[in-house]
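Hi everyone, thanks for coming. I'd like to walk you through one structure today, so please have a look at it first.

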Amino acid sequence: MPESFTSTELVAAQKRLSDYVLDQAHKIERRLYFGWAPAGDAPEKYKDLCEAFAASQKNGRPLPVSNENSSSVVFGSPEVNMAYRYVHDVAHVEQGLSFSSPDEFVLARWLMRRFERAGFSRNDLEWHLFEADAVGQVMFYAVTKQYVADQLQFALDCVRYGLNTGIFLEMERQR
């Protein structure tokens, strides 16, 4: 695990991670014939997501994705973070996985396997950033029933100190 990295290495890793996410989002968009749009009222329940997905399939309008908590993100920009939420939400529906913590964990692992099949490995900083975002945030929510406030800081703590300590540090910040 890369405990030490420069700001230049971080920016480069975020760029590669962002490129991957955008590529995945655009592939899904071409396959489904609908994209995504930031929304303050995006579906918060699995049933609502499935209904929004079906509506997007029917009318071709973008799937609403949450634009909340996007000021400090792993993916380099709020726009790429929302593209990731699109990838994540589509995977929920297509994999038949609810918003329960066990299903969120299964989905996070599924997303990590796809990321690895795209050529990323544990030797890459972006792999650790993605793991913190995909797996670490699921674990944090399962333990606290709260969302991570500063996604980038959380990911950096997880990369530097491991998931366990990263989760603990976020818990301390939210006290």
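Let's start with the overall size: for 175 residues, a compact globule would have a radius of gyration near 16 Å, and the protein agrees, because its own value is 16 Å. That radius is taken over C-alpha atoms, and the globule rule is 2.2 Å times the number of residues to the power 0.38. Along the principal axes, the C-alpha trace spans about 50 × 35 × 25 Å.

A word on where this comes from: the model is predicted, with local features needing pLDDT of at least 70 and side-chain atom pairs counting only at pLDDT 80 or more, while totals for chains, interfaces and linings use all residues. Residues are numbered from 1 along each chain as its sequence is written, and side-chain values use heavy atoms, leaving out hydrogens and water.

Now the fold. The protein has 7 helices and 2 strands, and from the N terminus the order is α-β-α-β-α-α-α-α-α. Helices (H or I, at least four residues) and strands (E, at least two) are DSSP runs, numbered from the N terminus. Buried residues make up 46% of the 175; buried means under 20% relative accessible area, exposed means over 50%, and partly exposed is in between, with a 1.4 Å probe and protein chains only.

Which residues gather in a patch of positive charge on the surface? They are Arg109, Arg113, Arg117 and Arg122. Patch members have over 30% relative accessible area and no salt bridge, and like charges are joined within 9 Å. A salt bridge here is a side-chain nitrogen of Lys or Arg within 4 Å of a carboxyl oxygen of Asp or Glu. Arg109 sits in helix α4, residues 101-117, and counts as partly exposed because its relative accessibility is 39%.

There is a negative patch on the surface too, formed by Asp41, Glu44, Asp48 and Glu68. Of these, Asp48 belongs to helix α2, residues 46-59; at 33% relative accessibility, Asp48 is partly exposed.

Finally, some backbone angles for you. Tyr33 has a phi near 70°, positive even though the residue is not glycine. Tyr33 lies in the loop between α1 (7-32) and β1 (36-39), and at 68% relative accessibility Tyr33 is exposed. Lys145 also has a positive phi, about 60°, without being a glycine. Its place is the loop between α5 (125-144) and α6 (151-161), and Lys145 is exposed, at 53%.

Note on methods
Patch = residues over 30% accessible without salt bridge, like charges linked within 9 Å, V, L, I, M, F, W, Y side chains within 5 Å. Areas by Shrake-Rupley, 256 points an atom, 1.4 Å probe, with all protein chains shown as cover. Lys, Arg positive; Asp, Glu negative; His and termini not counted. Charge placed at Lys NZ, Arg CZ, Asp CG, Glu CD.
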